[in-house]
Amino acid sequence: MKETTMATMAQTEHVKVTVKDLKGKVDPDWCPGCGDFGVLAALKQAIAELGLQPHTVLTISGIGCSSNLPGYLNTYGMHTLHGRALAVATGAQLGNHHLKIVVTGGDGDGYGIGGNHFVHAMRRNVDLTYIVMNNQIYGLTTGQLSPTSSKGMNTKSTPFGSVENPVNPIPLAIAAGATYVARGFTGQQKQLVELIKGGLQHRGFALIDTFSPCVTYNHDNTHEFFKQRTRKLEEMGHDPTDVHAAMEKGWLWGEVIPIGLFWRRQDLPALDQLEPVLGAGGPLAHRPLGVAPDIARALIAELM
Amino acid sequence: MRRLDLAIGIGGAAGQGIATPGDILARIFVRRGLHVNAYNAYQSIIRGGHIFLTLRTSDQPVLSQGDKIDVLMPLNQDTMNRHLKLMRAGSAVLFNSDTIKPGVVPDGVQLCPFSVKALAPTTRGDLVQNTLALAAVLRLIKVEFEILEEILTLQFRRKGAAAVAENVGVARAGYDYAATHFTALPFSLPDTGKRLAFFEGNQALAMGGAAAGVRFYCAYPMSPSSGVLHWMARHARQLGIMVRQVEDEIGVINMAIGAAHTGCRAMCATSGGGFALMSEALGAAAMMEIPVVCINVQRAGPATGVPTKTEQGDLWQVMGAGQGDYPRIIVAPTNIGDCFKVVPTLFNLVDKFQCPGIILSDLLLSEGRSSIDPAELDFNVPIDRGDVVGLNGDGPPVNGGFKRYLVTESGVSPRALPGTPGYVHVVATDEHDEDGVLISDEFTDPHKRQAIHEKRMRKMDGVLPLLAPPVLHGPADAHVTLVGWGSTEGVIREAMQQLAEAGIVANNLQIRWLVPLHAEAIVSILSRCRAVIIVENNYSGQFARYLRAETGIVAGGHIRKYDGEPFMPHHIVDGVTAILAGSTKRYVPVHEIQV
């Protein structure tokens, strides 16, 4: 690396990042009152508080209202296909494991169409921070059933009430192997910032399922609904290292809906830490190409 | 000296040990500098069923599996019954007379029965008949016993001295029995003093990827493409390649795109069904302008189709994969050596034009095996990453002013890798403006959409001049021109030799780069040809339709095969003869043997 560039980089590294610096090129086009504004604000706050430089962060999303988020944030971003953000993010993380990768999206994107990738990214313990803006409805397609919609819910696609059980992402994530499993609520901004910060600092797969009410299409699970029912796990005396307690609290749904950190384990290495190929030599993306002559000779010798 | 052309067929049930004698024979041939072509007709079954390996060697390059068998090694009755009709006069059939009844053979075919019970009474291994037959074959073609002894010693070394002695003893018995009971074949294997390499197309594709500098390879196992994954996985640590087996093909291509976006050369391989799942994401790569290479090893379709059988039936799928118009480069390697060479070339193109590239192989190429001069395996290939800022994590900052999708005359905009200071931007699969801001929701704008769409599509104009136009192979004033694409090159060229012996002069136009297509060059070549016949391994003439769409050329005849087995040279000879005689315009050969 040239000296001038080194100086420039060093300079960039020491610039203090503010929430203002993280504002994207355009303002969100979400409906007024949408919970997603709270998630965007919390994510910016968390990045600023941790002092992460915008160019070191890659935010990857799928498709849907919430998945438009990377466009509203001044970090590197990818707005990929519906349900595919975690697959893209896994490739990006292994391609350059020095990047801090945040994945954002909605419940339909992550738990519906992307359900397979969700399970596999967690069992691999990829070092990602996955924030799901869970509004229990399909917003962008104008209000159909989502995988997290409550049983009995009336939507455009279930006019007589859904007969299906919803996905419960918390126990699912714990069972699948996520090593940081939390639930936030946009009505609890301060806690949400802390949960995201915790996820960003966690080495491994961090899920932050976040209640982010849809003010236009979901009239059941409103801001008020969660305000009355959510209760912080830290106030319930929950131990996030106790897997059985985490599962038990994860199943609670009704008069009390817990929010906070359900489960964390720090003794398991993330996927990139297990890959011998990444052992030395920095990110794969920056390594020189070409096969050394002695290796080429060995490869050909195998065929003789 | 007369030309050597020897085809050995080994057949039996899966699990009877066909691969090992095949490998030993191939190794003996290539170590003498002889060319080898191998094709294994098999079924999707772990044990049982029927497998038939054809191994053909010559002092000249071997272009196909050929038409006839000189030495048949049936390991069960089934193979004996099915394959005798392929025996050439002067050929030999070696079989265990304890379990296999001799079939009725034409005049001049030597039946060579041997008794496992008599020759190896104390050995209990099931594979004794293979060792006896292999040793007898080597005696028939006058290969010195010491060579077999050396190979068996290497092979059984790990099992201990007793195992080595037992196997060498059995081989000796077979070799000596053949010397006294069978008539040697009129072949002698020359030794050119040069050693050749021997590999399958999937290995060639994987090694081509390594040469190209692939840093990320992922796949979901699917026949007949899995060989690429196996080679990559085995060599991942040695070469510094991240190799991942992914949950499904949708994940595969998206994971490759993620890695490619960070700056890795990323590749994946699948077969038609997996490719179908990847379609949406290939469009995403084009929309986000991320270079990625996908190999489609075609098998007989549609749907699950015939997993272990070959076809060229995915041409229209790859040309139409994904919604909308988008730039893509599609190439069909024409032989196994070409599988190696095409990968670095394609990577340079997709990097330069920031779009997906597709390699259209098929089972015949990918699981077929061929000898190659090791000098042709050049790993020191030119690498062109295109216009990339920050490939080494640096670049002069432009702080906020970077337009990822800058509208340029070439359609190519400079790319910046995540992590580079001063170039922060968002890439999107929604339509976007030069800055990457979505113009799909709030900021829709027909003029912007048109400009950015044209920018993307303009890239294709830049690709074509960089591709070598197809060249007519053979005499310019031929009676007939055989047009093929991809894997049929070898068999067409061998058919040309047979046609010449029958007094029909043929030449061949083999198409390698499918998209973009050198339409003008093709028109200029074919408009001077007397008769055009298109040869392809599919039902509907996918290439014939494509050629007609792109050039207006309507071929006078078609030879098509879609039974799952590749063409044999005489199928093409028969087709050309029938079409030139005017008895049909569309000739579909009947495959003689059931495999």
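How many residues of the lining of the largest cavity are nonpolar, how many polar and how many charged?

Analyst: The model examined here is a predicted one. The lining of the largest cavity divides into eight nonpolar, four polar and three charged residues. In total, 15 residues line this cavity, and those nearest its centre are B:F52, B:T54, B:Q65, B:M568 and B:I593. The space inside the largest cavity comes to about 110 Å³.

Two strands of chain B take part in this lining: β2 (35–41) and β3 each supply at least two of its residues. Both strands belong to an open sheet of eight strands in chain B, in which the order is β6-β5-β4-β1-β3-β2-β14-β7 and the pairing is mixed. In this sheet β6 (110–114) and β7 (197–200) of chain B stand at the edges; each has a single partner strand, so one side of each lacks a neighbour in the sheet. From one strand to the next, the twist averages 15 degrees.

Within the order of the sheet, β3 stands between β1 and β2. Strands of a sheet pair through backbone hydrogen bonds, in either a parallel or an antiparallel sense. For β1 (residues 5–14) and β3 (residues 48–58) of chain B the sense is antiparallel, and the pairing extends over nine bridges. One position in this pairing is B:D5, which stands opposite B:S58 in β3(B).

By class, the lining of the second largest cavity has four nonpolar, four polar and two charged residues.

A further feature of chain B is a pair of helices. The axes of α4 (residues 128–140) and α6 (residues 161–181) of chain B come within 7 Å and cross at roughly 45 degrees. The two helices, α4(B) and α6(B), are therefore oblique to each other, and their crossing is right-handed.

Key:
Residues numbered from 1 in each chain as written. Chains lettered and ligands numbered in written order. Predicted model: local features only at pLDDT ≥ 70, side-chain atom pairs only at ≥ 80, totals over all residues. Heavy atoms only, no water. Pairing = 2+ DSSP bridges. Helix = DSSP H or I, 4+ residues; strand = E, 2+ residues; numbered from the N terminus. Axes fitted to C-alpha atoms, helices over the stretch in contact; angles between N-to-C directions. 1 Å grid on protein atoms, 1.4 Å probe; cavity = no way out; pocket = protein on both sides within 12 Å on 5 of 7 lines; lining within 4 Å. Points joined across faces, edges and corners; volume = space filled by probe spheres on them. Nonpolar A, V, L, I, M, F, W, Y, C, P; charged D, E, K, R; others polar. Parallel < 35°, antiparallel > 145°, perpendicular 65-115°, else oblique. Left-handed = near helix turned anticlockwise from the far one by under 90°.
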